[in-house]
Amino acid sequence: QVQLVESGGGSVQAGGSLRLSCAASEFSYSSNCMGWFRQPPGKEREGVVVISRYGGSTSYVDSVKGRFTISQDNAKRTVDLQMNSLKPEDTAMYYCAAGPGYSASSCIGKLRSGTFDYWGQGTQVTVSS
């Protein structure tokens, strides 16, 4: 059982930056594919970015490309999401997710499927105009 704890959410004005962090109880095969998802108010959850931790392959949703960057710190067992040039439409509850990824391509596919085994409780990001 992998436990995930998100932190770093908050309120910011449009154009600002936030850094989210996801701390995992273990970095193992069970968490070799990780990602960030978000759910805006009244909308469905969508994938933001996934990372295949062993090879470092990543995939971003088009709306955040060039603004968001995912990174991992194996020593701290964290996966961070640096969010720059934030827009009001980025307002959402952000969730960290983890699961086994049998290959980089299978991990990348989880951006759309969202089929992760483990989820954090979420952290709220609010961007005002």
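Phe-37 counts as buried because its relative accessibility is 2%; buried means under 20% relative accessible area, exposed over 50% and partly exposed in between, with a 1.4 Å probe and protein chains only. The model is predicted, so local features need pLDDT of at least 70 and side-chain atom pairs count only at pLDDT 80 or more, while totals for chains, interfaces and linings use all residues. Residues are numbered from 1 along each chain as its sequence is written, and side-chain values use heavy atoms, with hydrogens and water left out.

**Aromatic pairs**

The structure holds 4 aromatic pairs. Rings of Phe, Tyr and Trp (its six-membered ring) pair if their centres lie within 6.5 Å; planes under 30 degrees apart count as stacked, over 60 as edge-to-face and the rest as tilted. Two of these pairs are listed below.

| Pair | Centre to centre | Angle between planes | Class |
|---|---|---|---|
| Phe-37 and Trp-119 | 5.1 Å | 65° | edge-to-face |
| Phe-116 and Trp-119 | 6.1 Å | 85° | edge-to-face |

Phe-37 lies in strand β4 and Trp-119 in strand β10 (residues 118-119), so their pair ties together parts that are 82 residues apart in sequence. Strands are DSSP runs (E, at least two residues), numbered from the N terminus. Trp-119 is partly exposed at 27% relative accessibility, whereas Phe-116 is buried at 7%. Phe-37, Phe-116 and Trp-119 form one aromatic cluster. Over the ring of Phe-37 sits the charged end of Arg-45, 5.5 Å from the ring centre; the criterion is NZ of Lys or CZ of Arg within 6 Å of the ring centre and within 35 degrees of the ring normal. Arg-53 likewise lies over the face of Phe-27, at 3.8 Å from the ring centre.

**Sheet and hairpin**

An open sheet of 4 strands has the order β1-β3-β8-β7, with antiparallel pairing; two strands pair if DSSP finds at least two bridges between them. Its edge strands are β1 (4-7) and β7, each pairing on one side only. Strands β7 (residues 68-73) and β8 (residues 78-83) are joined by 6 bridges. Phe-68 has Met-83 as its bridge partner, and Asp-73 has Thr-78. The two strands form a hairpin with 4 residues between them, and Arg-77 in the turn has a positive phi of about 60°.

**Nonpolar cores**

A nonpolar core is a set of buried Ala, Val, Leu, Ile, Met, Phe, Trp, Tyr and Cys residues joined through side-chain atoms within 4.5 Å. The largest has 28 residues, and Phe-68, Leu-81 and Met-83 are among those with the most contacts inside it. A second, separate core of 7 residues includes Cys-33, Val-50, Cys-107 and Phe-116.
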